[in-house]
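Please read these notes with the model open beside you.

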Amino acid sequence: MESRQKVITSLVLVFSVFFIAMIILTTINFRDYGIKTAEDRANITAEIIKIGLTSHMVNGMMNERSFFLDQISSVEKINELWIARSPTVIKQFGEGHNNEIPRDKIDTEVLKSGVIKSETTETTSKSMMRVTIPFVASEFTTPNCMQCHEAKEGEVLGVVSMVMDITEIRMSSLKAVLYNIGLTLIAAIFIFIIINRFIKPFVSIFYSIRDVMQSAYHGDYSVRIQGHQNKESKSVADLLNTMLEKLQHTFEELDKKVYVFIKNKNYVKEIDPLVNINTTIERLSDIYKFKQTIENDKELEDIYNRIAFVLKEHFKLDDFTMIELDNVNKIKKIVYTEKECHCTILDGECRADRIHASVDSSIFSNSCSLYEMDGSEYICTPYTISNDLTLILTIVTIGDKQTEYVRSIMSDIEDYITTARPAIVSKKLMQTLNKIARVDQLTDMYNRKFLDEFADVSIPQAIRTKTSYGVLMIDIDYFKMINDNYGHDVGDDAIRIVSGVIKKEVRKADIAIRYGGEEFLVLLYNCEEESIVKIANSIRVEFSKQKIPANGETFSKTLSVGCSNFPKDSDSIWKCIKFADISLYQAKEGGRNQVVAFSEDMIEDKEVGDNF
């Protein structure tokens, strides 16, 4: 039921209750008034009869009282009138003429009680009222009743009963009630007209506002308020319509502007622009918080771990791998894997990287020959971080439902990786700069700066963990002759060949450093003492087999190597390096192309170690 109908129904109900109550009260009041009027008339008549009968008694005319009573009945329009004597009066004066004794129980009751009693009998056409009034003896009235009657004070001497027609009084009351009903109805109609005239515009605008709010709730802000019929409602409507116009324009503009941030091709715009704005702002908020976090991360691995966290916690992925491709150096590196890597990308060419597009096995099975997991599908997507760096994301799915879900979120994942791109580039650049600062560009071996940092950080730890290092100091024999005879380019080639031989002969845990010029330093991790010389000889022999090209011809050179043992020879790495250098000097002095291990008798000055 609409509010207007509710208001009208409520008013009608209230008015009906009020109207019925008023009619009932009016009817009762008029009826009581009519009965009271008849009783008053009866009392007056009874008083007149009492006075008249007293006069007849005083004047000795009691035998004429019938004429008097008939006249009274006729004048007062009383249908019946009779007198009934009490037993005391009957005993004293007799029953009187016309048998003036009680006619019915009412007369008898009033004679006993001395209380006026009335009864009303109503039919459809007439209303009759029977009233019986007692005459009470009293010596304090005029005349004194006790002078003539042998009665006690307050004793009932008789009653006068009369039957009166009160139909006219009832009709008067009914007319009065009908007049009230008519006037009340006229007033009610007038009130309803007034109320409707003033309420209708506000009820109409209320319904219009409701319709506008319902449309806005469902995303349509173009509906405007109608139905304003007076100045006040028009003012409200204009104010609300102006506000709705601003809201609609603002929401539409915001929706257009924030939509550009959405890269999800599967994104479906809602009818309600507010929903679209809220959805986009939530996504942007998450991405912004992600961006703030990774900007404060220290290492590149931390950023990759952040991306992995988003993939696991936000996108609920449980099997994926991220691979970093260095396009310049042709280096592939698995930077994160959840569960395990199901792809042999490190041993072959990545199809997604080659075609610069996603590879989806659910579209065409066996799209990539490097994938090695049966019973599953995969989506490999390349993300270009920079011209030199590509990030490959491989997501493994089980079943069509999960595959479809992954497809639907790929653009959202791209938003996060795109956001991380500047931080990845920055951290990668820092890695490159650190590498340049610590790596020799000619040989791609560590340089003296790295050695300084290594000595400060790792050697104290090696002492605590009782880790040993074999120290090799390597130098090319007669290197100056190469530069003098063939030029510095050939000298550089010779240095690169030496570095290649060293890298080949040592382990990954060992550290190879270009110490300066044609000198190289090798730190052999946890190497047994007898193996130090053995490895040094392997390097020396292998290099002697190498052919160095120069101006269309080739030649070979030899190496001299000095060895020491840390911490056996000294618990100072710098002293051990000095001891290896002394051993190298001994190898040179002893004819070159040989390996010499350090011994204390090589120190001409016993304080050399302390003065170093």
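1. Basis. This is a predicted model, in which local features need pLDDT of at least 70 and side-chain atom pairs count only at pLDDT 80 or more, while totals for chains, interfaces and linings use all residues. Residues are numbered from 1 along each chain as its sequence is written, and side-chain values use heavy atoms, with hydrogens and water left out.

2. Cavities. A search of the whole structure gives 2 cavities of 30 Å³ or more. A cavity is a set of points, on a 1 Å grid over the protein atoms alone, where a 1.4 Å probe fits but cannot get out; lining residues have an atom within 4 Å of a point. Grid points are joined across faces, edges and corners, and the volume is the space filled by probe spheres set on the points.

3. Largest cavity. Its volume is about 40 Å³. Among the residues lining the largest cavity are Cys343, Cys350, Arg351, Cys368 and Cys380. The lining has 8 nonpolar residues, 1 polar and 1 charged. Here Ala, Val, Leu, Ile, Met, Phe, Trp, Tyr, Cys and Pro count as nonpolar, Asp, Glu, Lys and Arg as charged, and the others, Gly among them, as polar.

4. Second largest cavity. This one holds about 30 Å³ of space. Thr321, Cys341, His342, Cys343, Tyr371, Thr394 and Val396 line the second largest cavity. By class they are 4 nonpolar and 3 polar, with no charged residues.

5. Salt bridges. There are 25 salt bridges in the structure, each a side-chain nitrogen of Lys or Arg within 4 Å of a carboxyl oxygen of Asp or Glu. One network of them links Asp104, Asp107 and Arg130.

6. Aspartate 415 and arginine 283. These side chains form a salt bridge, 2.4 Å from N to O. The pair links distant parts of the chain, with aspartate 415 in helix H10 (residues 400–438) and arginine 283 in helix H7 (residues 273–295), 132 residues apart. Helices (H or I, at least four residues) and strands (E, at least two) are DSSP runs, numbered from the N terminus. Are the two partners buried or exposed? Aspartate 415 is buried at 5% relative accessible area, and arginine 283 is buried at 18%. Buried means under 20% relative accessible area, exposed over 50%, and partly exposed in between (1.4 Å probe, protein chains only).

7. Glutamate 245 and arginine 224. The closest N and O atoms of this salt bridge are 2.8 Å apart. Glutamate 245 is partly exposed at 45% relative accessibility, whereas arginine 224 is buried at 18%.

Notes: 1 Å grid on protein atoms, 1.4 Å probe; cavity = no way out; pocket = protein on both sides within 12 Å on 5 of 7 lines; lining within 4 Å.
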